[in-house]
Amino acid sequence: MPEPMAAPRASNGGKNKGGAYVDRDKPAQIRFSNISAAKAVADAIRTSLGPKGMDKMLVELSKAQDIEAGDGTTSVVVIAGALLDACSKLLQKGIHPTIISESFQKAVDKGVEVLTAMSRPVQLSDRETLLNSATTSLCSKVVSQYSSLLAPMSVDAVMRVIDPTTATSVDLQDIKIIKKLGGTIDDCELVDGLVLTQRVANTGVTRVEKAKIGLIQFCLSPPKTDMDNQIVVSDYAQMDRVLREERAYILNLVKQIKKAGCNVLLIQKSILRDALSDLALHFLNKMKIMVVKEIEREDIEFICKTIGTKPIAHIDHFTPEMLGTAELAEEVNLDGSGKLVKITGCSSPGKTVSIVVRGSNKLVIEEAERSIHDALCVIRCLVKKRALIAGGGAPEIELAVRLAEYSRTLAGMEAYCVRAYGDALEVIPSTLAENAGLNPISTVTELRNRHAQGDKMAGINVRKGGISNILEELVVQPLLVSISALTLATETVRSILKIDDVVNTR
């Protein structure tokens, strides 16, 4: 359907005398309702406002940023909100949506060039820079006072699971975060090995040196028939025989496990029957085999990668070469707040690490886990794209100034739209200043002035409450975070602009 150039008529809200929509105005009306709905969400960054389509779009946008960069999820929604605001004003001036959309694409392409030009390369061997990036990410979190502990932990975790010379990305599945209630965040630790939250099943054996570890996926309990049936035992001799058979069957299983040289046994959770009967546990205890049961199915891959073992699905496959080896497997007491099983000193370790997160309540632990995840993602961004950029609103102001210059080289409506795009980006420094208790107008004006004079690194120093060279204050973020936020926000705004009709479905 051809779209009208005319702006919606303000006088009668786009309706004719009969109260029905005038078809010419409908696309414009739809656009404005979509934009205002998405803006409302962006202002509150909540997911419950507006028509479902728009709030979901912004939630998806935030998720996309989280997957791509892992940080800057708030920034991306705020930028999208500001760009939508700019769109709304441009549409009211009667500029065609396609022109706005294409101009925004030009602006974002130029923006990526500007950001890349003002970034500086970083080496993964430069630990100090990586720590600064992780610390900047943690500063906006609830657990910011623990950044001196969590930042080095995140950097070390990533460095242990990659080869810095060849890596182009980091698989965060190789870094397992284990949440354990009790203690404080100070008790968080990085473990080079495997940590299990399950308890040791047999109390007799809680520490094994030179561990040979087997991971079984079959049950150490009497077999059941496939169908549900009952066996009626009429005399004691038959009953005795059933028990003897059961005992011999389980003893045979346990002997084969011992014969392979296994002294630590991990048993996968079973839903069909008991994975481990009391009788089997008794035999294992006698043979001094440490047992950890209830291993979750989704943990199997990580366990195998960490300790170099292979999952064993049947007793016939239980051979010495299927076992993993480690220096020490022990159950550690956590000052009265539960126990953990630690397996360390693996002889053929895969590139994996475990981070144990402690906290006094569930909320603190979950916040700490989210914060560590963000810090890990920041380091991952630097592995993907080895460049850093200043934080504190400096890139956004630089973009605004450079895009204003660029708009003067364009002609007609495009120049107008690119200029509006640049101005919209000032929302980030303005919000930063506001949240730091500074005057947003004077701060942004001063920043613009400094950037126009060529001071690219001038940004808002939230700690000192003023403007300073933000690189000297070590407020840095990966280039990928800024580029990703800018491109994803622009893509979302362009797709909202393309919607010109809504069909209500029940």
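**Cysteines, burial and a pocket**

Colleague: What makes the sulfur of Cys 381 too far from the closest cysteine sulfur for a bond?

Modeller: This is a predicted model. In it, the sulfur of Cys 381 lies 6.8 Å from the closest cysteine sulfur, which belongs to Cys 377. A disulfide needs the two sulfur atoms within 2.5 Å.

Colleague: Why is Cys 381 called buried?

Modeller: Its relative accessible area is 1%. Buried means under 20%, so Cys 381 is buried.

Colleague: And why is Cys 304 called buried?

Modeller: Here the relative accessible area is 14%. That value also falls under 20%, so Cys 304 counts as buried.

Colleague: What percentage of the residues in the protein is buried?

Modeller: Buried residues make up 48% of the 506 residues. The accessible surface comes to about 25,100 Å², with 51% of it belonging to carbon and sulfur atoms.

Colleague: Which residues lie nearest the centre of the second largest pocket?

Modeller: They are Pro 222, Pro 223, Ile 231, Val 242 and Glu 246. In total, 17 residues line this pocket, and its volume is about 580 Å³.

Colleague: What classes make up the lining of the second largest pocket?

Modeller: Nine residues are nonpolar, three polar and five charged.

Methods
Residues are numbered from 1 along each chain as its sequence is written. This is a predicted model: local features need pLDDT of at least 70, side-chain atom pairs count only at pLDDT 80 or more; totals for chains, interfaces and linings use all residues. Side-chain values use heavy atoms; hydrogens and water are left out. Buried means under 20% relative accessible area, exposed over 50%, partly exposed in between (1.4 Å probe, protein chains only). Accessible areas come from the Shrake-Rupley method with a 1.4 Å probe; for residues, only the protein chains shown count as cover. On a 1 Å grid over the protein atoms alone, a cavity is a set of points where a 1.4 Å probe fits but cannot get out, and a pocket is an open set with protein on both sides within 12 Å along at least five of seven lines; lining residues have an atom within 4 Å of a point. Grid points are joined across faces, edges and corners, and a volume is the space filled by probe spheres set on the points. Ala, Val, Leu, Ile, Met, Phe, Trp, Tyr, Cys and Pro count as nonpolar, Asp, Glu, Lys and Arg as charged, and the others, Gly among them, as polar.
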